[in-house]
Amino acid sequence: MKILLLLAGLLMANTAFATKVPEHVRQAFEKDHPEAEAAFWEITKEGYAATFQAEEGLIKAIYSESGDWKETRTRILLRDIPADIQREIRKVIGYSKTTYIGKVLTPEGRFYRIESETAEAVVVRVFDENGLLISEEQLIFSIGKA
């Protein structure tokens, strides 16, 4: 009996936290990515994000509340970036441990997004197609009392 109650509770909790994606957002995604299967949806500060596996790798497509496409991020390896651009990026990030490298496509153009961690923050850097740094943001870890 306890197991049944536990399973029922888990099912209700899972349903309660499921992301409700407006139909027009889902349709825009399906039009842009008809090959995508079993996308995982979440609501982020950027909008509705669908993450799915594709031939190119792990992809995250982001849409606004109105269903407009905002950007698509494809996880890549540093070696997937042309060598001359890698050299430019290395001038900025050195050989710090990266936690995410992505090729980003937006209505404004193509970019590279590289995330790394320090002891205090996650550092998000965006580079243009030539490897020039366009933006850098530090997301400071909150220091709360446990």
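Student: Where is His33 found in this predicted model?

Tutor: His33 sits in the loop between H2 and E1.

Student: Why is His33 called buried?

Tutor: Buried means under 20% relative accessible area. His33 has 12% relative accessibility, so His33 counts as buried.

Student: Which residues is His33 in contact with, leaving aside its neighbours within four places in sequence?

Tutor: Those residues are Phe52, Ala61, Tyr63 and Thr72. Contact means heavy atoms within 4.5 Å.

Student: What makes E6 and E7 a pair?

Tutor: Two strands pair if there are at least two bridges between them. Strand E6 (residues 109–117) and strand E7 (residues 121–127) are joined over six bridges, in the antiparallel sense. Within this pairing, Ser116 stands opposite Val123 in E7.

Student: What is the order of the strands in the open sheet?

Tutor: The eight strands follow the order E1-E2-E3-E4-E5-E6-E7-E8, and their pairing is antiparallel.

Student: Why are E1 and E8 called edge strands?

Tutor: Strand E1 (40–44) and strand E8 (133–140) each pair on one side only. As for the twist, the average is 25° from one strand to the next.

Student: How do you know that helix H2 packs on the sheet?

Tutor: Helix H2 (residues 23–32) touches E1, strand E2 (47–54), strand E3 (57–63) and strand E4 (69–75). The direction of H2 makes about 140° with that of E3.

Student: And which strands does helix H3 lie across?

Tutor: Helix H3 (residues 83–93) lies across strand E5 (98–106), E6, E7 and E8, and runs at about 145° to E7.

Methods: Residues are numbered from 1 along each chain as its sequence is written. This is a predicted model: local features need pLDDT of at least 70, side-chain atom pairs count only at pLDDT 80 or more; totals for chains, interfaces and linings use all residues. Side-chain values use heavy atoms; hydrogens and water are left out. Helices (H or I, at least four residues) and strands (E, at least two) are DSSP runs, numbered from the N terminus. Axes are lines fitted to C-alpha atoms, for helices over the stretch in contact, and angles run from 0 to 180 degrees between N-to-C directions. Buried means under 20% relative accessible area, exposed over 50%, partly exposed in between (1.4 Å probe, protein chains only).
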